[in-house]
Amino acid sequence: MTTTPQAARRASPRKRRPATPAAPDPAAGLMPQAEPVRLLNSDGTPLPPRADYPEPPVEALREMYRRMIVGRRFDAQATALTKQGRLAVYPSSRGQEACQVGGVLALRDDDWVFPTYRESMALTARGIDPVEVLTLLRGDWHCGYDSAARRTAPQCTPLATQCVHAAGLAYGESYQGRDTVALVYIGDGATSEGDFHEGVNFAAVFKAPVVYFVQNNRYAISVPLSRQTAAPSLAYKGVGYGVPSEQVDGNDPVAVLAVLNRAVAHARAGKGPYLVEAHTYRMEPHTNADDQTRYRDADEVEAWRDRDPIARLETYLRARDVLDDAAVAEIAEQAEAYAARLRERMNAQPTVDPLSLFEHVYAQPTAQLVEQREQVRAELAAAQEEDA
């Protein structure tokens, strides 16, 4: 029987073409985990250890607890000072203690912090004089502390502008061969601003060692997160710029410090910026001038009380036998003494020179500024003559 060429081809095994290699995933190494990183349950009991986020040393966690206790007491005292007329305004960070203190503890003293107006607790945790921290909110001065000496930028009232400042400073430090890291505190509302995108993009392109730390407390003043973004998480915003990102339970102090330690180490190693989103909640109004009942109900606020970061960490440290009743009482006494000293110093009326208003506005005063200063000087002189 003669086999035709067509039949022979059908009978012979067909050679398969080699599989086309899969294109590399452009988001590999950038995507945050689907669920926020968590190392403690809400009741303070530990979850199984994770190789990707090792638990910080217990000594660091005990210090974190101490600073959180002092920070919360400071926050309560500052809130009371607004009611007494000693502060013009105060944005509380009660409920966000793990983020406020964790961001500071993840840094070295020679690193830089770029805060928002809500980071008063973080600045006191960094060791800045609380009266100097509150000077801006008191209306006495442009910034109450020496930014260069404290390696801490002035508290930023315009949303997200510090994102650009941090990128520039961090790039400059890196360019000069220093391994300085800049950590930027921002709220969820700031991620809707152009400065946030410009800052993150610049940092990514030039591999500036910046950690963008987003405290997602659910509200941009009164606007809920659902009206700000359709993204599954704010952490995903970093992916579009080629920035590795992560999300963390912002009321889990152990997880916050573990995630920030990794983010800071990434930036310090010359790998560029890192974005961390902490899921947390602001327990108090936006400021003392805010009516929170207009945009959120009491049940929502009450539900977040069960996730208190301080109670969570205290339970964990007690179980580790590094915290007991005596230590808790001693730390509480330290916090009360801290608040008492602040109250006493803030009750003293400051001596303010009206002409100081024109200092440190420009390195070289403009003609308009000089003219305004002389007008104020003339008015003061005229007032003195009338009193005489």
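Trainee: In which helix is V164 found?

Mentor: V164 belongs to helix α7. Please keep in mind throughout that this is a predicted model.

Trainee: Is V164 buried, partly exposed or exposed?

Mentor: A residue counts as buried under 20% relative accessible area and as exposed over 50%. V164 has a relative accessible area of 33%, so it is partly exposed.

Trainee: Which residues does V164 touch, apart from its neighbours within four places in sequence?

Mentor: V164 is in contact with D195, E198 and G199 when those neighbours are left aside. By contrast, consider V214, which is 50 residues from V164 along the chain: the C-alpha atoms of the two are separated by 15 Å.

Trainee: Which residues of α7 are buried, and where do they lie around the axis?

Mentor: The general idea comes first. An α-helix has 3.6 residues a turn, so residues three or four places apart point the same way. In α7 the buried residues are Q162, C163, A166, A167, A170 and E173. They cover an arc of only 140 degrees around the axis, which puts them on the same side of α7.

Trainee: What covers the buried residues of α7?

Mentor: The covering elements include β1 (112-114), β2 (182-187), α8 (194-205) and β3 (210-216). Just after α7, moreover, G177 takes a positive phi of about 85 degrees.

Trainee: Strand β3 is among those elements. How many of the residues of β3 are buried?

Mentor: Seven of the seven are buried, so β3 is largely enclosed by the rest of the structure.

Trainee: Which residues of β3 point one way, and which the other?

Mentor: In a regular strand the side chains alternate between the two faces of the sheet. In β3, V210, Y212, V214 and N216 point one way, while V211, F213 and Q215 point the other way. Residues of both groups are buried.

Trainee: What joins β3 to other strands?

Mentor: Here one looks at the bridges and the sense of each pair. Strands β2 and β3 run parallel and are joined by six bridges, with L183 opposite V211 in β3. Strands β3 and β7 also run parallel, again with six bridges, and V211 stands opposite Y274 in β7.

Trainee: In which sense do β6 and β7 pair?

Mentor: Strand β6 pairs with strand β7 (residues 274-279) in the parallel sense, over five bridges. The bridge partner of V248 in β7 is A278. From β6 the chain crosses through helix α9 (residues 253-268) to β7, and this β-α-β crossover is right-handed.

Trainee: How enclosed is strand β6 itself?

Mentor: Five of the five residues of β6 (residues 245-249) are buried, so this strand is largely enclosed by the rest of the structure. S245, Q247 and D249 point one way from β6, and E246 and V248 point the other way.

Trainee: How many residues of helix α3 are buried?

Mentor: Helix α3 (residues 97-105) is mostly covered, with eight of its nine residues buried. Among them are E97, C99 and V104.

Trainee: How may I describe the chain as a whole?

Mentor: One begins with its elements and its extent. The chain has 13 helices and seven strands, and its C-alpha trace spans about 135 × 60 × 45 Å along the principal axes. Of its 388 residues, 46% are buried. The chain is divided into domain 1 (58-347) and domain 2 (354-387), whose C-alpha centres lie 36 Å apart.

Trainee: What share of the contacts links residues 24 or more positions apart?

Mentor: Such residues account for 76% of the contacts in the chain with a separation of 6 or more.

Technical notes
Residues are numbered from 1 along each chain as its sequence is written. This is a predicted model: local features need pLDDT of at least 70, side-chain atom pairs count only at pLDDT 80 or more; totals for chains, interfaces and linings use all residues. Side-chain values use heavy atoms; hydrogens and water are left out. Buried means under 20% relative accessible area, exposed over 50%, partly exposed in between (1.4 Å probe, protein chains only). Helices (H or I, at least four residues) and strands (E, at least two) are DSSP runs, numbered from the N terminus. Two strands pair if DSSP finds at least two bridges between them. A crossover is right-handed if, with the strands pointing away from the viewer, the path from the first strand over the helix to the second runs clockwise. Domain bounds come from an automatic or database domain assignment. The arc is that of the directions from the helix axis to the C-beta atoms. Contact means heavy atoms within 4.5 Å.
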